[in-house]
Protein chains: 2
Amino acid sequence: MLPIDPQRMLADLRALAEFGKLGTGVNRRSLTPEDLAARDWLLERMRAAGLDAQIDGIGSVAGRTPGSRRHILIGSHTDSVPKGGWLDGSMGVIFGLEIARAYVEAGRSDDAGVEVISFIDEEGRFAGLMGSAAFTGKVTESDFGKLTDERGQKLESALQAAGYAGRELLRCEPERHAAYLEAHIEQGPVLETAGKQIGLVTDIVGVARCEVVFTGQADHAGTTPMELRRDAAAALYAFADDLARFCREEGSDRTVWNLGIAAMDPGAYNVVTRQARLGVEYRDPSEAVLDRIRRYIGESAKRVAKRHRVSAQVVAGAGIRPNPMDESILSHLEEAAADLGASSMRMPSGAGHDATMLAPLIPSAMMFVPSIGGRSHDISEDTREEDIVLGLKVLARAVERIIAPA
Amino acid sequence: MLPIDPQRMLADLRALAEFGKLGTGVNRRSLTPEDLAARDWLLERMRAAGLDAQIDGIGSVAGRTPGSRRHILIGSHTDSVPKGGWLDGSMGVIFGLEIARAYVEAGRSDDAGVEVISFIDEEGRFAGLMGSAAFTGKVTESDFGKLTDERGQKLESALQAAGYAGRELLRCEPERHAAYLEAHIEQGPVLETAGKQIGLVTDIVGVARCEVVFTGQADHAGTTPMELRRDAAAALYAFADDLARFCREEGSDRTVWNLGIAAMDPGAYNVVTRQARLGVEYRDPSEAVLDRIRRYIGESAKRVAKRHRVSAQVVAGAGIRPNPMDESILSHLEEAAADLGASSMRMPSGAGHDATMLAPLIPSAMMFVPSIGGRSHDISEDTREEDIVLGLKVLARAVERIIAPA
């Protein structure tokens with residue numbers, strides 16, 4: 001057994017939460033001073049554990065146990081959303097640190113060692129999953145010049161200021177990286193509701209976004225007869241309600257959707273709406289289901305627009321393809337949970353994670369620990385200490401099973 | 001026949017349009033410097049016509065032909081919405097000026113003379129129909145202290161600065177004011193579509209407003225199962241679409257409605273909407289129909305909220321009761337149109353007008369001239385010159401019929 005130390009892991013997690021601390025959470029967006037200080041701290045902790053560690057040209061931090069030909073990669077991210085939780089991402093990185101540290105302390109030198117990684121900017125200050133996208137070659141140095149945050153700050157300037165610019169990028173090496181494991185908080189209420197301790201992620205759902213824009217004509221809302229109006233708002237309401245019905249009836253039992261943005265122009269009691277914009281997001285583990293919804297949106301927008309004498313435009317937004325997790329790694333996690341008497345359940349991930357970038361290249365899997373009340377992306381995010389500790393134990397046990405099969 | 005001079009009327013209309021001129025329209029909100037200058041000009045034009053004229057304690061301007069025991073009141077308003085049209089309100093006032101002027105020039109001294117009035121702030125910088133509300137006692141000096149514009153400027157300060165504060169208010173005197181006639185642009189496409197020159201207003205619709213607020217819970221839109229969401233936006237879309245259906249199927253054939261305001265909080269692709277606010281306006285000439293819709297809104301909001309596990313609150317806004325026009329005055333207008341060979345049609349007014357305040361006190365009626373393309377409340381508002389001239393002739397003919405029946 002790898003001699004992991006749960007108390008040491010918790011102390012590291014709490015030390016990390018001091019960087020950008022905000023009440024019970026953290027405010028640690030990528031490449032801010034708080035985030036950079038956390039990266040320096042993490043690098044030092046890796047080196048103190050005896051790992052060969054470095055920060056790369058985009059800010060991702062990785063450290064590996066010396067002396068092995070291959071490595072099991074364990075990680076997640078240490079940046080946060082604005083006013084985010086203390087565990088989101090950080091827990092998975094510190095689990096990796098503790099397991100690598102235990103590996104070194106045990107004096108092991110198997111064919112496969114352990115490598116821990118913190119991918120930068122998973123939360124998308126510059127681009128969602130940016131660090132793991134760079135690690136897997138989806139983002140290259142030639143893309144850096146195009147990326148800015150929502151206030152127009154350039155990624156390149158931020159990397160320059162951090163002192164990372166010009167360094168080589170860490171890259172996924174499928175011949176060396178035997179597998180990728182990511183532990184994460186669930187960010188939803190499923191485990192808590194089901195009374196389970198460990199979530200075994202079967203796949204990470206795909207996410208599709210679009211904006212549906214209806215354009216009609218502004219008119220006096222008292223004097224213009226209903227049959228002469230070209231009311232963009234009426235089209236939006238009808239479209240939104242019908243799309244919800246379609247997703248409910250024709251989506252899979254795993255389809256989720258959100259129509260969280262609606263903007264009316266001019267937006268007045270007594271003026272017929274000229275333009276109405278609806279923000280649409282939908283998720284499903286199946287590309288085919290996402291395609292079916294995408295097609296329906298186009299057809300329905302056209303149909304509703306015609307009925308309301310307005311025009312419709314569907315503007316596709318950024319998306320993430322669905323990715324199944326590796327069944328063999330998943331089974332190791334499942335059996336590790338069983339070994340430790342932990343209750344577990346298979347479940348999809350409705351949120352995107354760095355594992356979605358790794359999955360196409362190397363065998364990858366994720367496990368969840370329960371989130372109290374399902375809360376996340378908020379300083380109220382938390383997980384019971386015993387659930388965190390059990391998560392570490394299950395992950396360490398799974399790593400052991402992969403490195404040295406019984 | 002009253003010796004009206006259409007060219008003189010047009011010249012006055014064009015002179016008035018110079019105050020606050022903005023392209024082809026005017027920017028002349030009540031009690032702004034442009035509006036005050038227009039009032040001074042109007043007062044001088046009335047006096048030059050030989051009328052007993054004054055500006056009262058709230059800024060309404062009136063002038064009457066001397067020597068009569070009673071007066072036919074003719075008017076409308078000379079203030080505009082921001083970036084409004086040159087005819088809206090102004091045309092009805094200048095028609096009154098021209099008819100009173102012709103009356104004086106003809107040396108007439110019937111039992112009933114003519115009085116022209118420009119009610120202040122019909123467009124509601126401080127309060128919609130404010131001048132006619134003060135004229136009919138619905139607003140009194142004791143209310144002045146409560147009224148401010150949308151930027152918090154006080155009515156009292158504006159009246160003080162204008163030099164109107166402390167003056168007596170003009171009041172409707174049912175024993176002296178024999179009738180009220182208001183000519184106005186249609187502000188809709190009905191006359192143009194029907195190819196008619198004169199609209200005979202049968203009634204002014206009632207207007208009701210409310211805000212429907214759904215409150216649920218913000219959650220991660222990827223990880224929160226649909227059946228656990230409390231999605232305020234979904235409730236809003238369902239409610240809005242259903243309310244439109246109800247108004248269409250259960251309203252009268254004269255009911256119009258507008259759901260022109262929708263605001264989502266937090267308003268993000270990936271966050272379930274915590275609060276959704278819908279602005280609702282509906283109009284009908286029947287109080288009973290308005291009541292039926294009001295009741296349905298309450299019931300439906302509650303029902304939809306329950307289905308979506310959110311709460312609903314309906315906040316009533318300002319409203320105007322429906323008002324029928326006086327059939328006898330209306331017949332005079334109808335016959336005047338026939339006398340002049342003008343094509344006319346009876347129609348309701350979907351917009352509110354000062355006549356709605358006068359109607360409960362004295363016999364009141366309105367007539368419309370066509371708006372090109374139905375446009376209004378915009379600098380693109382216009383009416384063909386021959387339609388304006390015909391409107392003046394019909395109105396003058398109707399006044400003559402009322403003063404001196406054949």
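Biologist: In this predicted model, which residue of β11(A) is the bridge partner of Val212(A)?

Modeller: The bridge partner of Val212(A) is Leu278(A) in β11(A). The two strands involved are β9 of chain A, residues 206–215, and β11 of chain A, residues 275–284.

Biologist: What makes β9 and β11 of chain A a pair of strands?

Modeller: Two strands pair if there are at least two bridges between them. β9(A) and β11(A) have 10 bridges, in the antiparallel sense. The value 10 meets the cut-off of at least two, so the strands count as paired.

Biologist: Which strands of chain A stand at the edges of the sheet, and why are they called edges?

Modeller: The order in this open sheet of 4 strands is β10-β11-β9-β12, with antiparallel pairing. β10 (256–265) and β12 (311–316) of chain A each have a single partner strand, so one side of each lacks a neighbour in the sheet. On average, neighbouring strands here are turned by 20° against each other, direction ignored.

Biologist: What is the strand order of the open sheet in chain B?

Modeller: In chain B the order of the 4 strands is β10-β11-β9-β12, and the pairing is antiparallel. The edges are β10 (256–265) and β12 (311–316) of chain B, because each has a single partner strand.

Biologist: How do you know that β9 and β12 of chain B pair?

Modeller: β9(B), residues 206–215, and β12(B) share 6 bridges in the antiparallel sense. The cut-off is at least two bridges, so this counts as pairing. In β12(B), Ser311(B) is the bridge partner of Thr215(B).

Biologist: Why are α2(A) and α3(A) called roughly parallel to each other?

Modeller: Helix α2 (residues 33–48) and helix α3 (residues 90–105) of chain A pack at about 20°, with axes 10 Å apart. Angles under 35 degrees count as roughly parallel, and the two helices are therefore described that way. Their crossing is right-handed.

Biologist: Which residues make the contact of α2(A) and α3(A)?

Modeller: From α2(A) they are Trp41(A), Leu42(A), Arg45(A) and Met46(A), and from α3(A) Val93(A), Ile94(A), Leu97(A) and Arg101(A). They divide into 6 nonpolar, no polar and 2 charged. Arg counts as charged.

Biologist: At what angle do α1 and α12 of chain A cross?

Modeller: Helix α1 (residues 6–16) and helix α12 (residues 385–403) of chain A cross at roughly 115°, and their axes come within 10 Å. The crossing of α1(A) and α12(A) is right-handed. Residues in this contact include Met9(A) and Leu13(A) of α1(A), and Ile388(A) and Leu392(A) of α12(A). This contact has 7 nonpolar, no polar and 3 charged residues.

Biologist: What makes Asp121(A) worth a remark?

Modeller: Most residues other than glycine have a negative phi, and most peptide bonds are trans. Asp121(A) is not a glycine, yet its phi is positive, about 55°. Asp121(A) lies in the loop between β6 (112–118) and α4 (130–135) of chain A.

Biologist: Is the peptide bond from Asp265(A) to Pro266(A) cis or trans?

Modeller: That bond is cis, with omega near 5°. Pro266(A) sits in the loop between β10 and β11 of chain A. In chain B, a cis bond joins Asp265(B) and Pro266(B), with omega about 5°.

Biologist: What is the mean pLDDT of chain A?

Modeller: The mean is 96, and 100% of the residues of chain A reach 70 or more. The model scores ipTM 0.83 and pTM 0.83.

Technical notes: Residues numbered from 1 in each chain as written. Chains lettered and ligands numbered in written order. Predicted model: local features only at pLDDT ≥ 70, side-chain atom pairs only at ≥ 80, totals over all residues. Heavy atoms only, no water. Axes fitted to C-alpha atoms, helices over the stretch in contact; angles between N-to-C directions. Parallel < 35°, antiparallel > 145°, perpendicular 65-115°, else oblique. Left-handed = near helix turned anticlockwise from the far one by under 90°. Contact = heavy atoms within 4.5 Å. pLDDT = per-residue confidence, 0-100.
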